[in-house]
Amino acid sequence: MARPVKKQPEQWKKEILDAAKELFLSKGYEETAITDIMELAGGAKGMFYRFFQSKEEVMHALGDRMFLENNPFEAIRGRSDLNGLQKIREVLAFDRADREREEISTQAIPILKDPRILAAVVEANRRVLTPLWLELIEEGRRDGSIRTEYAKELSELLPLVNFWFLPSVFPADAEEIRHKCRFVAEVLAAMGLPIIEDEMVGRIERILGGYREERKE
């Protein structure tokens, strides 16, 4: 009898994340148990804890992987038909079009109440996104499409704005969220970065509104 092929650790980790993604999108994060994930991945529950401490950690890792697999910054890099400001708007449009990642991001909102998870996500965003935003803002400054003296500050602010919108971090009702969106739009425009448009505001409200309705059920 042929011996079963032993999977490498990275293959196990990939299959656990694949299973988690499928279940989160089909059943929802709250309705998915670790045993469900491992049953679909084809491994024992103990294998899960070789790679992750909790289901929350899986969600964090899955969000990171989905970003890297469909990185909007890489998609526009080298586009000579766009100036810096247009590239930033294209990044945001590209991100909005990724429905699966948007769904996963919405489901991840409640777990950010955990200070440990929140700190890890903030650090990851600072480390990964800030340099990418700075690169585009500086490009816009060079080509004249962005006029600001605050390139570094804006590149650090942009990854943090989403956390301010999250009701699990800063409790807010729908009207307060709309007011925050208007405030951020005006601040960024005043700093030379007019990038928050009506469609984006609507998207934020849909995501957070869906989250709040889900919490009422």
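User: How many Å should the 15 residues of helix H9 span, and how far apart are its end C-alpha atoms?

Analyst: The model is predicted. At 1.5 Å a residue, helix H9 (residues 151–165) should span 21 Å, and its end C-alpha atoms lie 22 Å apart, which agrees.

User: Where in H9 does a kink lie?

Analyst: The kink, of about 35°, is at Leu158, shortly before the proline Pro159.

User: Which residues of H9 are buried?

Analyst: An α-helix has 3.6 residues a turn, so residues three or four places apart point the same way. In H9 the buried residues are Ala151, Leu154, Ser155, Leu158, Pro159, Val161, Phe163 and Phe165.

User: How do helix H6 and helix H8 pack, in terms of angle and axes?

Analyst: Two packed helices are described by the angle between their axes and the distance between the axes. For H6 (residues 84–97) and H8 (residues 115–143), the angle is about 145° and the axes are 7 Å apart.

User: Which residues of H6 and H8 meet?

Analyst: From H6 come Gly84, Leu85, Lys87, Ile88, Val91 and Leu92; from H8 come Trp133, Leu136, Ile137, Glu139, Gly140 and Asp143. By residue class, this contact comprises 7 nonpolar, 2 polar and 3 charged residues.

User: What is the overall make-up of the protein in helices and strands?

Analyst: The protein has 11 helices and 0 strands. Of its 217 residues, 43% count as buried. Among contacts with a separation of 6 or more, 67% join residues 24 or more positions apart. The protein exposes about 12,400 Å², of which carbon and sulfur atoms supply 53%.

Conventions. Residues are numbered from 1 along each chain as its sequence is written. This is a predicted model: local features need pLDDT of at least 70, side-chain atom pairs count only at pLDDT 80 or more; totals for chains, interfaces and linings use all residues. Side-chain values use heavy atoms; hydrogens and water are left out. Helices (H or I, at least four residues) and strands (E, at least two) are DSSP runs, numbered from the N terminus. Buried means under 20% relative accessible area, exposed over 50%, partly exposed in between (1.4 Å probe, protein chains only). Contact means heavy atoms within 4.5 Å. Accessible areas come from the Shrake-Rupley method with a 1.4 Å probe; for residues, only the protein chains shown count as cover. Axes are lines fitted to C-alpha atoms, for helices over the stretch in contact, and angles run from 0 to 180 degrees between N-to-C directions. Ala, Val, Leu, Ile, Met, Phe, Trp, Tyr, Cys and Pro count as nonpolar, Asp, Glu, Lys and Arg as charged, and the others, Gly among them, as polar. The expected span of a helix is 1.5 Å times one less than its number of residues. The bend at a residue is the angle between axes fitted to the seven residues ending there and the seven starting there.
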